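Subject: Structure handover

Hello,

Here is the structure we spoke about, with notes on what came out of it. Please have it open while you read.

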Amino acid sequence: MKIYFKELLLRTQQRRELIDITLDVEKVVRESSISNGLCLIFVPHATAAIVLNEHERGLLNDIMRKISEMYPDNGGWDHNRIDDNAAAHLASTFIGPATFMPVKEGKLIRGTWQNIFLVELDGPRPTRKVVVEVIGE
Amino acid sequence: MKIYFKELLLRTQQRRELIDITLDVEKVVRESSISNGLCLIFVPHATAAIVLNEHERGLLNDIMRKISEMYPDNGGWDHNRIDDNAAAHLASTFIGPATFMPVKEGKLIRGTWQNIFLVELDGPRPTRKVVVEVIGE
Amino acid sequence: MKIYFKELLLRTQQRRELIDITLDVEKVVRESSISNGLCLIFVPHATAAIVLNEHERGLLNDIMRKISEMYPDNGGWDHNRIDDNAAAHLASTFIGPATFMPVKEGKLIRGTWQNIFLVELDGPRPTRKVVVEVIGE
């Protein structure tokens, strides 16, 4: 059994943003030299998330619009009395900070239109971490 | 360490549909001969998803109704200028294409009312894939 | 390869409730003596869920409020003709019953503000189970 960890460090530029990390994750899978197993993608943050979907400009706009509508800044949230980012915490809670993809014959199994995105919900931030872990043999 | 892959191929019949794949996944777990570990369930598609819940006709209606209401076809989505299926992509993004269940003593750990469903969001399609991967020993 | 299972048993007190299980999960990771791998957290229930986020009283209120608004009891759900808990099943379906965290050098990788919660959606219940599984070496 082999286990390979890599921490991706990303600078975010906007309040809310989708950053395509597919190539970075695929590079980690190659570096791991693991042929069969799984690849875990996890953000150790409570105001960010991970999603998989198509990298098409219009769709990225739609995803960001949907997040803003579902988790509006001015929702009268209790957490805003402490820190002005309740919407970011709520979106992170419900979208989720983790996903995985199978690894087979040295490659991620993923659909043609299935890219991997870090979802920044409370940026900009100088350093966001994404933990990529490959487990297998 | 053992790793066992199986690709389920499913034909979908409707635009939006829930297909119960519990028995298929349990069969894969038996075939794997893995006693303890985990079972990954992953759709390599950007307009489908995986959920776990009760197989009761009324609840399946409720799930499909909720998806239609949260991700309406006529939402004025940017992605519809490219391809007329933004609602399907959005639902897939937020519901998610992956889940897992623990495997113990050769069986999936699952609740009495916890069946596994492929969520078709942009059908009908002649071939939808579900990757089932069992890892353990 | 080592695999370690532990079933947490929890009594819930309210209809809808967030119960912080971070310390319990960290204890399981220590007991497992696994240095590197992953920790799976899974509820075998169709009316409960798992989320990760900050343990701040106002935010917990916001999360519960958002769940009630997205999945209202009186939503005219078909499943309520069978059993009066469609809202709980819907919330469990879309929030999801499973997540994982990486384990490195004997510890969960988690953000400073990233606690682990069981989400009770149809309580109170005398016994809710959370399956914690640690896999690695």
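A helix here is a DSSP run of H or I with at least four residues, and helices are numbered from the N terminus. With that in hand, helix 3 of chain B is followed by B:Gly96, which has a positive phi, near 100°. Please keep in mind throughout that this is a predicted model.

Helix 3 of chain B covers residues 86-95 and is mostly covered, with ten of its ten residues buried. Among the buried residues are B:His89, B:Ser92 and B:Thr93, along with B:Leu90, B:Phe94 and B:Ile95.

Next, the fold of a single chain. Chain A has three helices and eight strands. Read from the N terminus, its elements follow the order β-β-α-β-β-α-α-β-β-β-β. Along the principal axes, the C-alpha atoms of chain A fill a box of roughly 50 × 30 × 25 Å. The radius of gyration of chain A is 16 Å, which agrees with the value near 14 Å that a compact globule of 137 residues would have. Of those 137 residues, 56% count as buried. Among contacts in chain A with a separation of 6 or more, 85% are between residues 24 or more positions apart.

Now the relation between copies. Chain A superposes on chain B by a rotation of 120° with 0.0 Å of shift along the axis, at an RMSD of 0.0 Å. This is the relation of a three-fold axis. The C-alpha of chain A nearest that axis belongs to A:Met1, at 3.7 Å.

Which surfaces does chain A use to meet its partners? Towards chain B, 29 residues of chain A are in contact with 25 residues of chain B. Strand 3, strand 4 (48-53), helix 2 (57-70) and strand 5 (98-104) of chain A each supply at least two residues to that side. Helix 2 gives the most, with six residues. By class, this side of chain A has twelve nonpolar, ten polar and seven charged residues.

Towards chain C, the contact takes 25 residues from chain A and 28 residues from chain C. On chain A, strand 1 (2-10), strand 3 (37-42), helix 3 (86-95) and strand 8 (128-136) each supply at least two residues. Here helix 3 of chain A gives the most, with six residues. The side of chain A that touches chain C divides into 16 nonpolar, six polar and three charged residues.

Finally, only 7% of the interface residues of chain A are also interface residues in chain B, so the copies meet through different surfaces.

Regards

Note on methods. Residues are numbered from 1 along each chain as its sequence is written. Chains are lettered from A and ligands numbered from 1 in the order in which they are written. This is a predicted model: local features need pLDDT of at least 70, side-chain atom pairs count only at pLDDT 80 or more; totals for chains, interfaces and linings use all residues. Two residues are in contact if their C-beta atoms, placed from the backbone, lie within 7 Å. Ala, Val, Leu, Ile, Met, Phe, Trp, Tyr, Cys and Pro count as nonpolar, Asp, Glu, Lys and Arg as charged, and the others, Gly among them, as polar. A residue is buried if 20 or more other C-beta atoms lie within 10 Å of its own, exposed if 12 or fewer, and partly exposed in between; C-beta atoms are placed from the backbone. Copies are superposed by least squares on the C-alpha atoms of residues with pLDDT of at least 70 in both. The radius of gyration is taken over C-alpha atoms; the globule rule is 2.2 Å times the number of residues to the power 0.38.
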